[in-house]
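Colleague: Could you walk me through this one? I would like to understand how you read it.

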Amino acid sequence: MPNIVSVILPTFNRSHSLVAAINSVLIQSHKTLELIVVDDASSEDIESVVRGVGDSRVSYVRRPQNGGAGAARNTGLGYAKGDYIAFQDSDDVWLPNKLERQLELLSSLPEHVGVVTGAKIVYYGPTRILHAPPPEGRLSVGENQLARLLTENRISVQNALFRKGCFPGTHWFDECASANEDWEFAIRLAQHTTIYEDLAPVVLGFISADSISMNTRKELIGYLRILRKNRHILKTLKTQRSLLMIGASRYFFKLGKTTTARKFLLASFLDNPPNIRLLISPAFKRAAYFILGGQTRREIRRKSSPS
C-alpha cells in the first residue's frame, strides 16, 4: 500500500489564496494523502471554501480561538493518521512532484534521516525573486547540524517532509512564538533526527502585506525565544550565541529600541570578538554605528579585548 502523507494546512482569513494552496496539494503526483485544513478561528467563512473543494481527502478543523500558525499546526498533528507529515501554508503553492520526490529521497536514505527539506522560490514582487534558502549554504548530513541551525535556519516547514516518528509527540511548535517558530522547531528537531537538504525547489512562496515575515516585532519575539530556550546549549557555543545576539540587536534597532540594541550588540562582541568583522557588512554597518552611539570599530575592539 502506498505511503500515506498527512498534510496540515493552517489558515487564518486567507480565503482568497486558500483554494490555490489546497489544489496544489491535491494535484500532487503522489495521490495517497489526507489534507487537514486547520481554521485558526477566522472571521471569514473558511469552512465553506474548504467544503466547496469536494475532495474526500480533505478534512476541516476549526480552532475555538486564534493561536497562530504554530498552535494550528499542533492542532493538525493531533488529527494526522499518515506515515509521513507535511505542512502547507495558505498563501503558498507546492510544485506538483513535491511529495513524490521527497518520499523517494527518504526511502533511499538511512533510517536516522527523518526529514527531507527542499527549497522555495519566493516572489517578493514582480521584480524580486529569491531562491530560499540560498543553495551555496546547503546543510550537510555529516556536519554538526544543531550548531549550524542555531545561526541559520535552513528549514521552512512547508518545504519539508517528515517521518512521523522523527520528533516526539504532537506538540512540535512553540505556540508562544508567532514568528520564527519554524526556526525554533528546526533547532529542537536537529536534536532528535538527521536532516537531509535537497536543493531542488518544491514550493512557490509569495510575500504579502500580512506575511509574518513582514512583522518586525513578531520576528524579534521569535528570536528572543530561540535565545532563551537554548541558553544552556549556547553556553558552550559562544560563536552561535554571539551571532544570535547580533541578529536580535538588528530587530531592536528597527523598532527604535537603540539602548537595548546597543546592549545586545556589545554583549555579542564580548562573547566572540572576531564577530566585529560583521560591522563592515553594508547591510549592518550604518545601523551598528548608530546603535553603538557613534563608537568606532577600534574602540569596540579595545573594549572587547582582555585587559
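Modeller: Happy to, and let me start with a term: helices and strands here are DSSP runs, a helix having at least four residues and a strand at least two, numbered from the N terminus. Keep in mind that this is a predicted model.

Colleague: Is serine 90 buried or exposed?
Modeller: Among the residues that serine 90 touches, beyond four places in sequence, are Leu9, Pro10, Arg14 and Leu18. Its side chain also makes a polar contact of 3.5 Å with the side chain of threonine 11. Buried means under 20% relative accessible area. Serine 90 has 4%, so it counts as buried.

Colleague: Let's move on to arginine 154. Which side chains make polar contacts with the side chain of arginine 154?
Modeller: Arginine 154 sits in the loop between H5 and E8 and is buried, with a relative accessible area of 0%. Its contacts beyond four places in sequence include Thr117, Pro133, Pro134, Arg148 and Glu197. As for polar contacts between side chains, one of 2.8 Å goes to glutamate 152, and another of 2.8 Å goes to glutamate 197.

Colleague: And glutamate 143: which arginine side chain does it join in a polar contact?
Modeller: Glutamate 143 lies in the loop between strand E7 (128-132) and helix H5 (145-149), and it is partly exposed at 28% relative accessible area. Leaving out residues up to four places away, glutamate 143 touches Arg138 and Arg148. The polar contact, at 3.0 Å, is with the side chain of arginine 148.

Colleague: How many residues does the largest nonpolar core have?
Modeller: Those with the most contacts inside this core are Ile85, Phe87, Phe162, Trp172, Phe185, Leu189 and Ile195. Elements giving two or more residues to the core include strand E2 (33-39), helix H3 (69-77), strand E8 (160-163) and helix H9 (238-254). Phenylalanine 162 is in contact with Ile85, Phe87, Trp172, Phe185 and Leu189, among others. The size of the largest core is 41 residues.

Colleague: What about another core apart from it: how many residues are in that?
Modeller: This core lies apart from the largest one, and includes Ile22, Leu33, Tyr60 and Tyr84. Its count is 29 residues.

Colleague: Which exposed residues does the face of H10 turned away from its buried side carry?
Modeller: The buried residues of H10 are Ala261, Leu265, Ser268, Phe269 and Asp271. They cover an arc of only 160 degrees around the axis, so they are on the same side of H10. The face turned away from that buried side carries the exposed residues Lys263 and Leu270.

Colleague: One last thing: how many disulfides does a search of the whole structure find?
Modeller: Cysteine 166 counts as buried, at 7% relative accessibility, while cysteine 176 counts as exposed, at 56%. A disulfide needs a pair of cysteine sulfur atoms within 2.5 Å. The number found by searching the whole structure is zero.

Notes: Residues are numbered from 1 along each chain as its sequence is written. This is a predicted model: local features need pLDDT of at least 70, side-chain atom pairs count only at pLDDT 80 or more; totals for chains, interfaces and linings use all residues. Side-chain values use heavy atoms; hydrogens and water are left out. Buried means under 20% relative accessible area, exposed over 50%, partly exposed in between (1.4 Å probe, protein chains only). Contact means heavy atoms within 4.5 Å. A polar contact is a pair of N or O atoms within 3.5 Å; within protein, one must be able to donate a hydrogen and the other to accept it, and residues adjacent in sequence count only if both atoms are side-chain atoms. A nonpolar core is a set of buried Ala, Val, Leu, Ile, Met, Phe, Trp, Tyr and Cys residues joined through side-chain atoms within 4.5 Å. The arc is that of the directions from the helix axis to the C-beta atoms.
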